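I opened this entry to keep a record of what I looked up, going from single side chains to the chain as a whole. The sequence and structure come next, and my notes follow.

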Amino acid sequence: MSSFQKALKAGRRTHRERSQPSKRTKLGLLEKGKDWKLRRDDFHRKEKRIRAMQDKAANRNPDEFAFGMIKSKTKDGVHQLERDTTKTYTADEIKLMKTQDLTYVNNKRTREQRKIGKMQGELQLLSAGAKHNKHVVFVDSKKEAHKFDAAEYFDTDPALLDRAFNRPKVDTLRKSRPVVSSHKALKKVEKARRRAYEELEQRMDREESLGKVAEHLQLQRNLAGKGRRR
């Protein structure tokens, strides 16, 4: 039965929607049924919204009042809310607000310091401006210096001499081939390492900025306190 249905469907004619006649090409693409449904639904949705707004305006209470009607206004069709500049705060209220700001800044700074310490441990970085160290090898004579072979001395492959990390020895290379990474993989690791250093630098700058903000807030808090200024 299923094979008969498949054969029946295969023999049916494929009905295609006609395109815009050549005489009406100036009117653009011919609107299909699915396009008309979308336009119809959008029109009725907007119509319902307008009708609901009209009903709300018709049933509005004329005696209704809210203080926002006085404080708010529109300028060029944009709603604006006026700030109350007459309200003043006492010295204790200002000190409390400064304390809350200082607590928030200190919390953010502590989080940044923890993240920086974790990233420095992962990247084996001692300081932000750390320089790459050089490996110095001492020999007894100039003759040995001319004949010096770095690959033989470090017991590794010559292609790995320019690495500062992940430089396995020849025995390790012979026993385990997957240890040697491809050039593409090395570039990927180096790119991720460079991004990590950039993120670390940004976090250190952010931590320094938060420290300056905390010092400024602490100074304002001290000035707002009671007692003689020193």
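Is Arg40 buried, partly exposed or exposed? I read Arg40 as partly exposed, because its relative accessible area is 32%; the classes are buried under 20%, exposed over 50% and partly exposed in between, with a 1.4 Å probe and protein chains only.

Before going on, I note that this is a predicted model, in which local features need pLDDT of at least 70 and side-chain atom pairs count only at pLDDT 80 or more, while totals for chains, interfaces and linings use all residues. Residues are numbered from 1 along each chain as its sequence is written, and side-chain values use heavy atoms, with hydrogens and water left out.

**Salt bridges.** I searched the whole structure and found nine salt bridges, each being a side-chain nitrogen of Lys or Arg within 4 Å of a carboxyl oxygen of Asp or Glu. One of them joins Arg40 to Asp41 at 3.3 Å, N to O, and Asp41 is partly exposed, with a relative accessible area of 35%. I then looked at Lys46, whose salt bridge with Asp42 has its closest N and O atoms 3.3 Å apart. Lys46 and Asp42 are separated by about one helical turn because they stand four residues apart in helix α2 (residues 33-58); helices are DSSP runs of H or I with at least four residues, strands are runs of E with at least two, and both are numbered from the N terminus. Lys46 is partly exposed at 48%, and Asp42 is partly exposed at 30% relative accessibility.

At 33% relative accessibility Glu199 is partly exposed, whereas Arg203, at 19%, counts as buried. Salt bridges with shared partners link Glu112, Glu199, Arg203 and Arg206 into one network.

I next went to Glu207, which lies in α8 (residues 183-224) and counts as buried because its relative accessible area is 16%. Its side chain makes a polar contact of 3.0 Å with that of Arg109; such a contact is a pair of N or O atoms within 3.5 Å, where within protein one must be able to donate a hydrogen and the other to accept it, and residues adjacent in sequence count only if both atoms are side-chain atoms. Leaving out residues up to four places away in sequence, I listed the contacts of Glu207 (heavy atoms within 4.5 Å) as Arg109, Glu112, Gln113 and Ile116.

**Helix α4.** I checked the span of α4 (residues 91-123): its 33 residues reach 47 Å from first to last C-alpha, close to the 48 Å expected at 1.5 Å a residue, the expected span being 1.5 Å times one less than the number of residues. Among the buried residues of α4 are Glu112 and Ile116.

**Whole chain.** I counted eight helices and two strands, in the order α-α-α-β-β-α-α-α-α-α from the N terminus. Buried residues make up 11% of the 230 in the protein chain. The accessible surface comes to about 21,600 Å², with 52% belonging to carbon and sulfur atoms; these areas come from the Shrake-Rupley method with a 1.4 Å probe, and for residues only the protein chains shown count as cover.
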